[in-house]
Amino acid sequence: MSWIPAFTDKIKHPTDKIEQPNPIVNLLKSKQAIPSPPPRPITISIVGAGQRGSGYAYYTILEPQWAKVVAVAEPVDIRRNRMVKLYNIPEENVFKDWREMIERPKLSDAVVIATLDDLHVEPAVAFANKKYNILLEKPMAITVEGCKKITKAVTENEVLLHSHGHVLRYTPHNILIKSIIDSGLIGNIVNIQHMEPVGFWHFAHSYVRGNWRKEEESCFSLMTKELKCICLAKIFKFNLQKKKISSFGNLVHFNSKNKPKEAGDAKNCLECKIEPTCPYSAKKIYIDNCYKKGVVSWPVNVVTDIPDIENLTNALKNGPYGRCVYECDNDVADNQVVNLEFANGSTANITMIAYTESICQRKTKIFGTLGEIEGDGINTIMYYNFLTRKKELLKPSEILGVNDLGGHAGGDLALIRAFIYSIGESLFDLKDINSVHIKTGAQQTFEKKRAYKIYNSNSLRILIV
């Protein structure tokens, strides 16, 4: 799978491509490269064996010739033991705390840091100083000072840092959209419209009851949920400078003012007399619509590490995921819009909304001077050509030869693959790999983000990128 390449706003009129049959398919397939594997697998240590760390580790099962998990640091016994068993990690490379791991001589070529957002800086700096290549989950840090510390450590030690984990850059869907734009088939982009439907129960799970509910413990919801989509808008819209930016967002619904009077003093869904009529009921979300239907993966395995009915019920009674959504300590916005105007007069608008049926099925429309694109965020893109007045339905996974999309519409697998390929190129001078590796280092990442200057008020979140 190809890394999305850099491109400019200089587009030639693509009349020579219009006459070709399936021009987009031919264009993409001609660019695919299959790199040779390294002489030995790239070794990886995992710091944080939760959802994200376990997901990245799984890549080594799919492509064992490329990578191998050799160490893990995880404080939760069941998660740590599960990873040890699955990847046959030797006992001497198993730790409860990453600080124990860092005291040992360097154990692997790379480390995946998948701790909670506010726990990124210290391990990232420590592993950079130990000369590990680092895949760091987004965001790099939740403060400007933290970003600077990590960037300094990585730059001084000359190690690879993939520091934002924006999986949407790597999905077959978005790689295909980017390639269509690069080809010139829709001309110069005039407007981008992007909508992120978080999903009513997903927002309740992650941003009301879950780990990303409070700004001081993580960051505001636009950063934790929608940042990768804003990043996409930048990629799709070339490297043009932004002229104006505005953003508005609020927490509208999930607060005590909106708690139904009939719920009384109930603080937990399993104790609430109106639970049967509440769409945000924890019982409905985790037991009725997941466990009873055979779903024991996400989101159930976030609630409990032992996904049986006894442990799930106990976790809902006594843990954060059974709380009434109107009685939580959440403060992140449940809706937000971002509007961008670029130097050439073109525009983009991005909307994040909690209250949707769709769960993260992002909708993107891109309007150019020669055509338009509409994508479903997963595996369908409709391309319309103004000159021929014909539509072409594209299936990205088929064109790019991806059999199993997996998490984030293929982005999770493709991101870790790009990271591993980059290390392989660095260590072994592998050929035919320049189209799939990660292009940016820590300093470029930091500069592009501008450390994500955040201006906060009760009703406004503005992100400068």
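Predicted model: local features only at pLDDT ≥ 70, side-chain atom pairs only at ≥ 80, totals over all residues.
Local features require pLDDT of at least 70 and side-chain atom pairs pLDDT 80 or more, while totals for chains, interfaces and linings use all residues. Residues are numbered from 1 along each chain as its sequence is written, and side-chain values use heavy atoms, without hydrogens and water.

The protein chain contains 17 helices and 16 strands (DSSP runs, H or I of at least four residues and E of at least two, numbered from the N terminus). Of its 465 residues, 53% are buried (under 20% relative accessible area; exposed is over 50% and partly exposed in between, with a 1.4 Å probe and protein chains only).

The model has 11 aromatic pairs (rings of Phe, Tyr and Trp, the last by its six-membered ring, with centres within 6.5 Å; planes under 30 degrees apart are stacked, over 60 edge-to-face, the rest tilted). F200 and Y280 are edge-to-face because their ring centres lie 6.1 Å apart with planes at 70°. This pair links distant parts of the chain, 80 residues apart: F200 belongs to helix α10 (residues 200-208), and Y280 to the loop between β8 (242-250) and α12 (282-288). F200 is partly exposed at 28% relative accessible area, whereas Y280 is buried at 9%. Y280 also pairs with F254, with centres 5.0 Å apart and planes at 80°, so this pair is edge-to-face. F254 is buried at 1% relative accessibility. One aromatic cluster comprises F200, F203, Y207, F254, Y280 and Y355.

In strand β9 (residues 335-342) lies Q336, which is buried at 1% relative accessibility.
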